Structures are given as structure tokens and as C-alpha cells.
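Biologist: Can you put the model up? I have some questions about it.

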Amino acid sequence: MRPSPSRVTLVAVLVVVAAALYWFRSSLDLQTLHDRAERLNSGALFVALTVLPLVGIPVSILHAVTGAKFGLPVGMALVGVSIALQLFASYAIVAAAPGFFARRFDGLRRRLPAATHRSLTLFTMLLPGAPFFAQNYVLAVVGVPFRIFFCYCFPIHFARSMIGVIFGEWSGDMTPWRMTIFVLYFATVSVTCALAFRRLRAQLRNQPRAANGRKRPA
């Protein structure tokens, strides 16, 4: 039986990721970076972790620094608090200036299907390539109720954040075994999200048309 193109692609991606991690480990002194993260001011780091993603700074980098500074248990707790604050802040910021964000995220809005609020939120959260901050802002722009917005976005953001925090904690001692676990964990999360996205997209294609979740019941 010949392997399917999707399986070949998955294996190729895993090989590339593993090679990239090995190159990164060989080219940079991860222990030095880990030590520098540990010396950062805790309060300033938490403020940066919470505020900078709201203006488009890649959240994965900040999660990795948090993992290096605090370790997995405390790091995940702080990341969870920061994500909750970011969701509240994103919704409030859009409410204060809806036109400003509607214009800037019009391209992403056009990619969203006609769906109920719940389906629309899941679709946006699983949409490949959509940045963390853009996902939060665009859902508030299209009028997803905050209860649905928070209850769906928080667990998905939190689950994804573990990748960065684990990498940060392990960066001080990135053994081949840990590297393998990290790649497998990353692959599992990525594949799970991709499969869920494909299934949800297929389901939405069979639903009656609606106006981006605004005119259909949640």
C-alpha cells in the first residue's frame, strides 16, 4: 500500500522540524539563553507576556521565555492568567474602537465562513496561519458573544501555549530524548488541530448560509 500524500507530508514536516531544532541547538547556546531568561525581572516579564501579544508580538516567544524563567507548573499558571487577561482586553479594546479593528482585519474576516457563533469561533481558532492577536480581535469584531468567545478561545490558546513553555523550560538541557518528545508533542497538537479544522470546514459547507455568525443563533 502506497503512503498517502498527507502522511508523506507529515513525516517530511517532522524531519524538517527535528533538523531545525538540532541546528538551532548546535548553532546557539541554549543554556546561555536559558540563564538570561532566568535573570529577567519576574514582574516585568509578566507584564510583557500579557501586553505585548495585544500589539502583535509573537506570543510563542514570550511563552518560551516564561517557561525558561519559571518552569512548567508556574509558567503555565502565569500563561493561563495572561491569556485570560488578553481575552478580556481584546474584547474591551475592540468594543472601544470597532471601526478601527474592522478595517485592519477585513482580510481575515473575508476568510471566515457563514456559521453560528460557536462554529465560527472554532473555525477561527483552528484557521491555519491566523496570528494569536488577530484571532482574538476578529472574533470580537464580528460580534461573537463574550461567553462563547472566552469559553472556546481560552482552552485552545492554553493547550497551544504548552509547546512554547515546555521548550523554554527544556532549553537549558535540550537532550535528544527531550527534543524527540517536543517534536512529537508539537506534531500531535498540529495534526489534531488540522483534522478538527478539516472536519469543521466540511460541516460548515453543509450548513445553510448565514452572515458570519451575526444573524444565526449561537
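This is a predicted model: local features need pLDDT of at least 70, side-chain atom pairs count only at pLDDT 80 or more; totals for chains, interfaces and linings use all residues.

Modeller: Residues are numbered from 1 along each chain as its sequence is written, and side-chain values use heavy atoms, with hydrogens and water left out.

Biologist: How many helices and strands in the protein chain?

Modeller: The protein chain has 11 helices and zero strands. Helices (H or I, at least four residues) and strands (E, at least two) are DSSP runs, numbered from the N terminus.

Biologist: And where is confidence lowest and highest?

Modeller: Helix 1 (residues 5-27) is lowest, with a mean pLDDT of 58, and helix 5 is highest, at 96. pLDDT is the predictor's confidence in each residue, from 0 to 100. Over residues 210-217 it is below 50, yet beyond near neighbours in sequence this stretch has 25 contacts in the model (contact: heavy atoms within 4.5 Å). The protein chain averages 82, and 80% of the residues score at least 70.

Biologist: Which residues have the most contacts inside the largest nonpolar core?

Modeller: Those are L120, F123, L139 and V144, in a core of 46 residues. Helix 10 (146-170) is one of the helices that each supply at least two residues, and helix 10 gives the most, with nine. A nonpolar core is a set of buried Ala, Val, Leu, Ile, Met, Phe, Trp, Tyr and Cys residues joined through side-chain atoms within 4.5 Å. Buried means under 20% relative accessible area, exposed over 50%, partly exposed in between (1.4 Å probe, protein chains only).

Biologist: Next, K69. Is K69 buried or exposed?

Modeller: K69 is buried and has no salt bridge (a side-chain nitrogen of Lys or Arg within 4 Å of a carboxyl oxygen of Asp or Glu). The nearest side chain of opposite charge, E38, is 7.9 Å away; Lys and Arg count as positive and Asp and Glu as negative, while His and the chain ends are not counted.

Biologist: What lies 2.6 Å from a polar atom of the K69 side chain, then?

Modeller: The backbone oxygen of L40 does. K69 sits in helix 4 (residues 59-70), and beyond residues up to four places away in sequence, K69 touches A37, E38, R39, L40, S42 and L45.

Biologist: Last one: where is T192?

Modeller: T192 is in helix 11. T192 and L126 are 66 residues apart in sequence, but their C-alpha atoms are 9.8 Å apart in space.

Notes: A polar contact is a pair of N or O atoms within 3.5 Å; within protein, one must be able to donate a hydrogen and the other to accept it, and residues adjacent in sequence count only if both atoms are side-chain atoms.
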